[in-house]
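Good morning, colleagues. Please bring up the sequence and the model on your screens, and I shall then go through several of its features in turn.

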Amino acid sequence: MPTLFDEFQLKDLTLPNRLVMGPMTRAKATPEGVPTPIMATHYAQRASAGLIISEGTWPERRGQGYCDIPGIETQEQEDAWRTVTDAVHEEGGRIFLQMEHTGRVGHEINNGGIQMVSSSSQPADFQIYTHEQGMVQMTTDVHALTTEEVHEVIDKYYEAAVRTKAAGFDGIELHGASGYLPHQFLSDVANTRDDEFGGTPYKRTEFAIQVLKKLIEAWGTSHRIGIKISPNIRFNGISEEDPDPTYAILLERLNELDLAYVAFQTPESLRSLSGLENEDLADGEIWHRYPYEFIRERYNGTVIASGDLTQEYAQKALEAGKSDLFVFGRDYMSNPDLVERMKYGWPITTVDMRRAYGSANAEVGYLDYPTYPEEREQAKAAAEPEHKVS
Ligand SMILES: Cc1cc2nc3c(=O)[nH]c(=O)nc-3n(C[C@H](O)[C@H](O)[C@H](O)COP(=O)(O)O)c2cc1C
């Protein structure tokens, strides 16, 4: 029986185990999107993961929906990311960059006043945090990209991919999920175009496919490029009336690209992320959730699942052949040594989500979650009587 702690061959990259630290936005970069030294420490602390996927990172400033999220557009950003990848590699880890263009998800307040873009001009009906005004309605001034401009955005992904490679990453994950720009092209609700990028399920997949081809060209191989999708998720103002035909074609086309992997996030996971009541997981057969079977049936390569996984669910899904690799998101925030904790049956620390984001007191809830051996040391020290010097 395969276990989560077995090696896995991701094309030419050997992963020491099947646990993936999921991409998680933490808003610890500078306002200009330059990664900070604490990010290097944070990721290096988690280097025993089979694979780390970085937080969503914008390929161009228009795609910076949120405050203090990093970019990979400038030399300064590339150099700062190099310190992160070096730190992870020194600890023996592997890290992909997640490339996230937020499209219409965001507000000009957060990106230096630049008009945000999408497949169409409809705004996302959702709220977003700004330092200046707190929670606000997402931008209502969305520019529908012309066909020519879509090609310009695709070229921006290419340039960003060249920088990603130069920064020492092991690969790239295209963020095609969660209502961001590629998803704004995939959705039959958000995308009302009738050019080569919309109008039919096939054409709605065209943007993601063309971006992936550019990433592959920039990297020199498809084997270090993956994509994350989230069919039928309702988040960031995205919705899909009839997602299956589009995703069926997308997966068929992804088979032809021979990528490193396809990752997905279940729609239900966002309900639990939003603090809403979770689905009944009592049987532990999490793969009955859409879209485990939908993707497995159609995609021939490596699949990475995410959403509400526990060690037990992941192990069962692995044994049932429903996914190859397993993302842990929130558990990775609070357990830098998650692999060891699971392997040796040590307790898992529950995350404090009040500390999920932010650049004020940035290290708290970010660098200070201990490994289990450190936790035991701390507990021992606290139990010992203080030596009084008189
Ligand atoms: C604080 C936080 C930030 C996240 N940011 C991203 C992101 O930047 N990109 C992404 O694809 N998913 C993001 N996610 C989703 C996670 O990668 C993961 O798919 C999700 O949390 C479900 O896994 P979990 O149930 O183990 O937490 C984020 C999740 C959390 C909790």
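Let me begin with a definition: helices (H or I, at least four residues) and strands (E, at least two) are DSSP runs, numbered from the N terminus. This is a predicted model, in which local features need pLDDT of at least 70 and side-chain atom pairs count only at pLDDT 80 or more, while totals for chains, interfaces and linings use all residues. Residues are numbered from 1 along each chain as its sequence is written, and side-chain values use heavy atoms, with hydrogens and water left out.

I start with Glu-297, which belongs to helix H9, residues 292–298. Glu-297 counts as exposed because its relative accessibility is 61%; buried means under 20% relative accessible area, exposed over 50%, and partly exposed in between, with a 1.4 Å probe and protein chains only. Between the C-alpha atoms of Glu-297 and Met-1, which are 296 residues apart along the chain, the separation is 21 Å.

Next, the ligand. An N or O atom in the side chain of Arg-330 is 2.6 Å from an oxygen atom of the ligand. For His-175, the distance from a side-chain N or O atom to a ligand oxygen is 3.0 Å, and a polar side-chain atom of Ser-306 also lies 3.0 Å from an oxygen atom of the ligand. On its own the ligand has 610 Å² of accessible area, of which the protein covers 94%; the areas come from the Shrake-Rupley method with a 1.4 Å probe.

Turning to the backbone, Lys-11 is not a glycine, yet has a positive phi of about 50 degrees. Lys-11 sits in the loop between strand E1 (8–10) and strand E2 (13–15). Asp-258, also not a glycine, has a positive phi of about 55 degrees and lies in the loop between helix H7 (243–257) and strand E12 (261–265).

In the largest nonpolar core, of 80 residues, Phe-207, Leu-215 and Leu-254 touch the most other members. A core is a set of buried Ala, Val, Leu, Ile, Met, Phe, Trp, Tyr and Cys residues joined through side-chain atoms within 4.5 Å. Helix H6 (residues 206–219) supplies the largest share of this core, nine residues.

Conventions:
A polar contact is a pair of N or O atoms within 3.5 Å; within protein, one must be able to donate a hydrogen and the other to accept it, and residues adjacent in sequence count only if both atoms are side-chain atoms.
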